[in-house]
Amino acid sequence: MYWAALVPLSSTASESQIDQQSLGIWALQFSPRVALVEASVLVEVEASARLFHGMDMLRERIEQGACELGARVAWAPTGLAALALAKHGVSDGFSMPLQQVLDRLPLDTITAVARHQPTLARVGCRTLGQVRALPRGGIGRRFDKSLLSALDEAYGLRPESYDWLTLPESFHARLELMSRVETGPALLFGARRLLLQMVGWLRARRLGTTAFTVRWCYDVMRGKSTNPSGELTVRTATATQDVEHLVRLLAEHLAKVELEAPAGELELRVAEAEPLVEESRSLIPDTIRKGASMALTLERIQARLGEDCVRRPILREDHRLEWIQTWVQSAGRTRAPSAEGAHLPMPSWILDKPLQLLERDNRPVYQGTLQLLLGPDRIEGGWWHRVNAQGEETALNVQRDYWLAISPYAGVLCVFQARLAGDKTAWFLHGHYG
């Protein structure tokens with residue numbers, strides 16, 4: 001077996017200590033076998049090694065994340081052994097046989113042994129190895145059964161049993177800042193730690209966030225007219241688990257935040273999340289790919305300039321070419337429908353107003369007589385679409401037969417023949433193909 005013990009470090013002047021529950025939820029992204037034992041977190045990771053491309057890469061990811069969260073990690077073949085090593089400040093329990101590693105540890109590294117430390121010290125025991133050298137019968141009669149059970153579990157002589165941590169349905173985390181923060185950008189240091197915990201929860205649930213809320217609580221010594229707290233909701237264009245992107249996006253928003261008073265506490269919760277679509281991994285290494293995607297770039301521009309400054313085109317549920325496209329804010333979650341009802345390809349460029357064409361021998365003419373290649377594709381509708389023209393309400397109803405045509409000089413065109421009464425079956429040019 002391969003166990004990791006994560007022990008939160010004591011608070012310092014520059015960072016706050018992460019609580020045991022939050023550290024356990026973060027660890028669930030690596031394995032479902034996570035237990036809260038004493039003041040630490042035990043994780044059995046051997047079955048997850050293949051998912052993270054081997055144990056070396058898994059160890060690196062856990063150690064890097066734990067370091068950012070303010071915790072140290074120890075590794076051993078059993079959970080209690082890893083916990084004992086973490087208490088003693090030793091990180092690797094695989095450097096030599098487990099018995100040799102544990103025999104050197106002091107008595108206080110295993111809680112069940114530490115309870116009897118005064119008595120064991122009087123018989124000359126200072127290390128776990130010296131306790132194991134005593135007659136088992138005498139230990140069983142003089143001490144409780146938990147001492148021998150703990151030693152056997154730590155040395156791998158009997159199986160371990162734990163109550164596994166379950167993942168909460170929603171994410172909400174708090175962090176008390178060690179010093180009061182007076183500017184919005186300064187909140188990013190503590191918010192990054194909360195974002196790391198949030199990403200761990202998202203990965204464990206196979207979700208991606210599309211919106212999260214950061215809330216800060218002001219100091220109790222604030223003015224009477226000051227609100228007790230402030231908050232900021234950040235939205236993403238696509239569901240994501242990328243902590244670095246979320247940090248950059250939050251930094252852009254915090255740069256425009258002015259705190260009404262010094263803040264002493266941060267809260268983070270997931271406002272919106274959706275299942276993340278898994279994609280096949282490319283044969284091209286990720287290190288070769290350069291540049292951010294268009295969606296991530298637009299998110300940062302929108303965060304700097306404002307929500308109304310960035311727009312994107314989407315398709316609407318309308319087969320009339322004039323109204324099939326509209327512009328929405330880039331952060332909108334509107335999905336673009338496909339033109340499944342159309343049999344002809346969509347033109348690359350559409351005229352603002354259809355151009356009526358001349359006819360020659362009942363065939364349309366545009367820079368030469370047009371040759372009709374594909375069609376007709378009939379489009380009908382618009383009776384529900386009404387506009388006010390000179391004080392009168394007019395319906396924009398159309399009935400057209402679209403054709404894909406080719407001109408000797410203008411190339412491939414999109415033309416239609418109007419079929420409504422009064423249109424005299426006139427031909428119109430509506431778009432060009434690239």
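This report covers selected local features of a predicted model.

## Helix H1 and its cover

H1 is largely enclosed by the rest of the structure, because six of its eight residues are buried. Those buried residues are Ser 22, Leu 23, Gly 24, Ile 25, Trp 26 and Ala 27. Strands and helices both contribute to the cover. It includes E1, E2, E3 and H2, along with strand E4 (71-76) and helix H10 (188-205).

The start of H1 has a side-chain to backbone approach. Here a side-chain oxygen of Asp 19 comes to within 3.2 Å of the backbone nitrogen of Gln 21.

Ile 18 sits in the loop that runs between strand E1 (3-8) and helix H1 (20-27). With a relative accessible area of 4%, Ile 18 is buried, since the cut-off for that class is under 20%.

Which residues does Ile 18 touch, not counting those up to four places away in sequence? They are Pro 8, Leu 23, Leu 69, Gly 70, Arg 193 and Gln 197. Of these, Leu 23 is one of the buried residues of H1.

## The E2-E3 hairpin

E2 and E3 pair in the antiparallel sense, over four bridges. In one of the pairings, Ala 35 has Leu 42 in E3 as its bridge partner. Two residues separate the strands of this hairpin. Glu 38 lies in the turn and has a positive phi of about 55°.

Glu 44 pairs with Arg 33, with 3.3 Å between the closest N and O atoms. The pair links distant parts of the chain: Glu 44 belongs to strand E3 (residues 40-44), while Arg 33 is in the loop between H1 and strand E2 (34-37), eleven residues apart. Glu 44 counts as buried at 4% relative accessibility, whereas Arg 33 is partly exposed at 34%.

The structure holds 13 salt bridges. The side chains of Arg 59 and Glu 63 meet at 3.7 Å, N to O.

Why are these two separated by about one helical turn? They are four residues apart in helix H2 (residues 55-69), so about one turn lies between them. In general, an α-helix has 3.6 residues a turn, so residues three or four places apart point the same way. Arg 59 counts as buried, with 17% relative accessibility. Glu 63 is partly exposed, at 33%.

Glu 265 forms a salt bridge with Arg 174, and the closest N and O atoms are 2.6 Å apart. This pair links distant parts of the chain, with Glu 265 in strand E8 (residues 263-275) and Arg 174 in strand E5 (residues 172-181), 91 residues apart. Glu 265 is buried, with a relative accessible area of 17%. Arg 174 is partly exposed, at 48%.

The pair is part of a wider arrangement. Salt bridges with shared partners join Arg 174, Arg 215, Glu 265 and Glu 267 into one network.

## Arg 400 in E17

Arg 400 is found in strand E17 (residues 398-407). Is Arg 400 buried or exposed? At 9% relative accessibility, Arg 400 counts as buried.

The side chain of Arg 400 makes a polar contact of 3.0 Å with the side chain of Tyr 402. Beyond neighbours within four places in sequence, Arg 400 is in contact with Glu 322, Asp 377, Arg 378, Ile 379, Phe 416, Gln 417 and His 430.

## A nonpolar surface patch

Leu 373, Leu 374 and Ile 406 form a nonpolar patch on the surface. Together they have about 240 Å² of accessible area. Leu 373 is found in strand E14 (residues 371-381). With a relative accessible area of 42%, Leu 373 is partly exposed.

Conventions
Residues are numbered from 1 along each chain as its sequence is written. This is a predicted model: local features need pLDDT of at least 70, side-chain atom pairs count only at pLDDT 80 or more; totals for chains, interfaces and linings use all residues. Side-chain values use heavy atoms; hydrogens and water are left out. Patches are made of residues with over 30% relative accessible area and no salt bridge: like charges are joined within 9 Å, nonpolar side chains (Val, Leu, Ile, Met, Phe, Trp, Tyr) within 5 Å. Accessible areas come from the Shrake-Rupley method with a 1.4 Å probe; for residues, only the protein chains shown count as cover. A salt bridge is a side-chain nitrogen of Lys or Arg within 4 Å of a carboxyl oxygen of Asp or Glu. Buried means under 20% relative accessible area, exposed over 50%, partly exposed in between (1.4 Å probe, protein chains only). Contact means heavy atoms within 4.5 Å. A polar contact is a pair of N or O atoms within 3.5 Å; within protein, one must be able to donate a hydrogen and the other to accept it, and residues adjacent in sequence count only if both atoms are side-chain atoms. Two strands pair if DSSP finds at least two bridges between them.
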